[in-house]
Amino acid sequence: MRVAVECKSPLLQKSLEVFLQKHLSSLKNCDIVIRDVKMPSDERNFYISSAKDADLMKPFSKAQLILALEKRYGGLHGAHEISAAKLHLAYEEDDEENLDFSILQRRIEALTKEYQENILRAVRAFYEK
């Protein structure tokens, strides 16, 4: 399965690239194009959104993403079932994701605190003049 990611949201774009790095391909050579904008004219389009008509609704886990993409890929290529081994692997990846997510969450909290401190420092410097 070859996947291209084309999202307007930089955070979603980067997250999908990290989740799917083994499957990434160019837009020309891909089987599926993941977007956060609906493109009904492109049969390869895989729409991720909070909307009810999305192929995958946010929020989602890595395992949910992989399963939804495999289902779409199977539909595009005539396969109708996902093997039990693939399902098992997807659930194991979900456990790994939970560990990765906590690391990411701590990193985001640290960056947010640093950003807040920089803003406060700039405001104090402005008013101390």
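Analyst: What follows goes through the salt bridges one by one and then turns to model confidence.

This is a predicted model, in which local features need pLDDT of at least 70 and side-chain atom pairs count only at pLDDT 80 or more, while totals for chains, interfaces and linings use all residues. Residues are numbered from 1 along each chain as its sequence is written, and side-chain values use heavy atoms, with hydrogens and water left out.

Side chains of opposite charge can pair when their charged atoms come close. The term salt bridge is used here for a side-chain nitrogen of Lys or Arg within 4 Å of a carboxyl oxygen of Asp or Glu. The structure holds six of them.

Helices (H or I, at least four residues) and strands (E, at least two) are DSSP runs, numbered from the N terminus. R35 is buried, at 7% relative accessibility, whereas E6 is partly exposed at 36%. Buried means under 20% relative accessible area, exposed over 50%, and partly exposed in between, with a 1.4 Å probe and protein chains only.

Another salt bridge pairs K38 with D53, whose closest N and O atoms are 2.6 Å apart. Here too distant parts of the chain are linked: K38 is in the loop between β2 and β3 (45-49), D53 is in the loop between β3 and β4 (56-57), and 15 residues separate them. K38 is partly exposed, with a relative accessible area of 43%, and D53 is also partly exposed, at 43%.

R72 and D55 form a further salt bridge, at 2.9 Å from N to O. Because R72 lies in helix α2 (residues 62-76) and D55 in the loop between β3 and β4, the pair ties together parts that are 17 residues apart in sequence. R72 is partly exposed at 22%, as is D55 at 34%.

Salt bridges that share partners also join E6, R35, D42 and R44 into one network.

As for confidence, the protein chain averages a pLDDT of 81, and 81% of the residues score at least 70; pLDDT is the predictor's confidence in each residue, from 0 to 100. Over residues 79-85 pLDDT stays under 50, and the model has five contacts for them beyond four places in sequence, a contact being heavy atoms within 4.5 Å. Where pLDDT is low, the predicted coordinates should not be read in detail.
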